[in-house]
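Let's take a walk through a protein fold together. Have a look at the picture below, and then we'll go through it piece by piece.

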Amino acid sequence: MSKYKIAETITFEKKIKTTKYKELYKKINEYVYPILRENPHFGTNIKKLKGNFKDIYRYRIGDYRLFYKISEETVIVFIINIEARKDAYKWDRNICLTIASTG
């Protein structure tokens with residue numbers, strides 16, 4: 001039985017509907033979400049970020065990075081955003097606000 005629930009932010013939902021991410025979303029649903037439901041803290045593709053984003057995790061999916069935050073109180077994994085690797089760590093004000101609002 002899955003321990004964690006998955007919740008997608010509005011930012012993520014908007015982005016995933018674009019043509020660029022539609023195929024990738026299928027892979028996320030079939031492969032990544034089951035892993036995150038069981039143990040979102042550790043895995044070969046999971047890494048906890050540092051510094052100002054120390055509460056954020058990233059899941060590596062080929063050339064893309066899926067960013068999420070874990071709420072232990074509610075046992076929910078909040079999917080924050082997805083980006084191509086080349087753009088993944090160029091955080092802007094909007095993403096920072098999205099991250100802060102999921103806390």
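Before we start, one term: two residues are in contact when heavy atoms of theirs lie within 4.5 Å. Keep in mind, too, that this is a predicted model.

Let's begin with helix 2, which covers residues 19-38. Its buried residues are Tyr21, Leu24, Ile28, Val32, Tyr33 and Leu36. What do the buried residues of helix 2 pack against? Quite a list, as it turns out: helix 1, plus strand 1 (5-8), strand 2 (46-48), strand 3, strand 4 and strand 5.

Now for a quick check on the length of this helix. Helix 2 has 20 residues, so at 1.5 Å a residue it should span 28 Å, and its end C-alpha atoms are 29 Å apart, which agrees.

The largest nonpolar core has 19 residues, and Ile28, Leu36, Leu66 and Tyr68 have the most contacts inside it. Two or more residues each come from helix 1 (10-16), helix 2, strand 3 (56-61), strand 4 (64-71) and strand 5 (76-84). Helix 2 gives the largest share, six residues.

Next, the aromatic rings. The structure holds three aromatic pairs. One of them is Tyr21 with Tyr64, an edge-to-face pair at 5.7 Å centre to centre, with 70 degrees between the planes. This pair links distant parts of the chain, since Tyr21 is in helix 2 and Tyr64 is in strand 4, 43 residues apart. Are these two tyrosines buried or partly exposed? Tyr21 has 3% relative accessibility, so it counts as buried, while Tyr64, at 22%, counts as partly exposed.

Finally, find strand 5, where nine of its nine residues are buried. Strand 1 runs parallel to strand 5, and four bridges join them; Ala7, for instance, has Phe78 as its bridge partner. Strand 4 runs antiparallel to strand 5, with eight bridges between them, and Ser71 stands opposite Ile76. Strand 4 and strand 5 form a hairpin with four residues between them, and in the turn Val75 has a positive phi of about 55 degrees.

Methods. Residues are numbered from 1 along each chain as its sequence is written. This is a predicted model: local features need pLDDT of at least 70, side-chain atom pairs count only at pLDDT 80 or more; totals for chains, interfaces and linings use all residues. Side-chain values use heavy atoms; hydrogens and water are left out. A nonpolar core is a set of buried Ala, Val, Leu, Ile, Met, Phe, Trp, Tyr and Cys residues joined through side-chain atoms within 4.5 Å. Buried means under 20% relative accessible area, exposed over 50%, partly exposed in between (1.4 Å probe, protein chains only). The expected span of a helix is 1.5 Å times one less than its number of residues. Rings of Phe, Tyr and Trp (its six-membered ring) pair if their centres lie within 6.5 Å; planes under 30 degrees apart count as stacked, over 60 as edge-to-face and the rest as tilted. Two strands pair if DSSP finds at least two bridges between them.
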